[in-house]
Amino acid sequence: MANLLFTHMLLVAAIAALFSQVDIVESVSELKLSSKILQESIINEINTHPHAGWKAAHNDKFNDYTVGQFKYILGAKATPEIIKKTIPVVTHDKTLKLPTEFDARKAWPQCATIGRILDQGHCGSCWAFGAVESLSDRFCIQFGKNTSLSVNDLLSCCGFLCGAGCNGGYPISAWRYFVHHGIVTEECSPYFDDTGCSHPGCEPGYPTPKCHRQCKDGNQVWKKSKHFSVSAYRVSSDPHDIMAELYKNGPVEVSYTVYEDFAHYKSGVYKHVSGEALGGHAVKLIGWGTSDEGEDYWLVANQWNKGWGENGYFKIRRGTNECGIEGDVVAGLPSSKNLAGTFISLPEELEAALDALL
């Protein structure tokens, strides 16, 4: 009953979000959408600003992107308030002593997935990448297994319950999908490779892939490849709670508003200086620290390949909810379910009904 209620609320919220999304699109003029996202004027404004705290540059990643194309890859939809009320919020003991700086790559060096920079291509699938990457890391941290999970499974098979695939989705719904349906491995359902995006998502105008519940490798079984989460929750927006969650359980997924200047980020501690808001983006938070200039920051792994930012990473001001980065933090804990390869199959008629729904 609870799941049916959540599904109903999500459907209502999705319809409302569709109309609000139209308003956002209309707020950016057609002329603006067709112009280049990289602007020399923005680069000069940032690099001459006495208090910017970061450097801007022409990132090759977006050399040929228009504002409209860049806006399309910003696929993190804000969690509707009606849904937020149904999601548990995690807090942590304020007496927990935390280090002044932390990097998950160094804390868990045995987990290769933490330091892996991926590429979402021209698909607005950031909401799926941030979730799948974080859960992959948490499986290694919890169970000692370096397992890359499949963005493609989540993107193509979650359906309207997660949003609209390449046209954007809800990060918290991704984590709920992990709880109820699990996620197969990247090997079973691949999306990308280590040297850059090889998926059709790297081509402009790529639509959401169709859901095929069958491993690409014929020797693997879809259901046996599933990995689950035991929970899906939000983390309190208090920076201490976010830090404690990361410190104790591993990387988390965060969402924030992207402005035009962010496309130009090269190094330093980002804070919004110039340009219009273009959309929501979801990424993986892996650490924190303080710059030489005394600016507290979050350390974040993006999924725009290694040529963007600081080898694919960026820092953003911490403690002030910069661009909303601390306002919608989501995560979940990995489950041991199915790790031994056992899975309880659903009746065929129920599987067919699920296929029709998704």
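Trainee: In which loop is N305 found?

Mentor: This is a predicted model, in which local features need pLDDT of at least 70, side-chain atom pairs count only at pLDDT 80 or more, and totals for chains, interfaces and linings use all residues. Residues are numbered from 1 along each chain as its sequence is written, and side-chain values use heavy atoms, with hydrogens and water left out. Strands (E, at least two residues) and helices (H or I, at least four) are DSSP runs numbered from the N terminus. On that basis, N305 is found in the loop between β8 (296–301) and β9 (313–317).

Trainee: What is the phi of N305?

Mentor: Most residues other than glycine have a negative phi. N305 is not a glycine, yet its phi is positive, at about 70°.

Trainee: What is the relative accessible area of N321?

Mentor: N321 lies in the loop between β9 and β10 (329–331), and this non-glycine residue has a positive phi of about 55°. Relative accessible area, taken with a 1.4 Å probe on protein chains only, sorts residues into buried (under 20%), exposed (over 50%) and partly exposed (in between). N321 is partly exposed because its relative accessible area is 36%.

Trainee: How are α7 and α9 oriented to each other?

Mentor: Axes are lines fitted to C-alpha atoms, for helices over the stretch in contact, and angles run from 0 to 180 degrees between N-to-C directions. The axes of α7 (residues 126–143) and α9 (residues 171–180) come within 9 Å and cross at roughly 45°. Angles under 35 degrees count as roughly parallel, over 145 as roughly antiparallel, 65 to 115 as roughly perpendicular and the rest as oblique. The orientation of α7 and α9 is therefore oblique.

Trainee: With which residues is V230 in contact, leaving aside its neighbours within four places in sequence?

Mentor: V230 is placed in the loop between α9 and β4 (233–235). Its C-alpha atom is separated by 9.5 Å from that of W175, 55 residues apart along the chain. With neighbours within four places set aside, the contacts of V230 are V179, L333, P334 and S335.

Trainee: What percentage of the residues in the protein is buried?

Mentor: The secondary structure comes to 11 helices and 10 strands. Of the 358 residues in the protein, the buried share is 53%.

Notes
Contact means heavy atoms within 4.5 Å.
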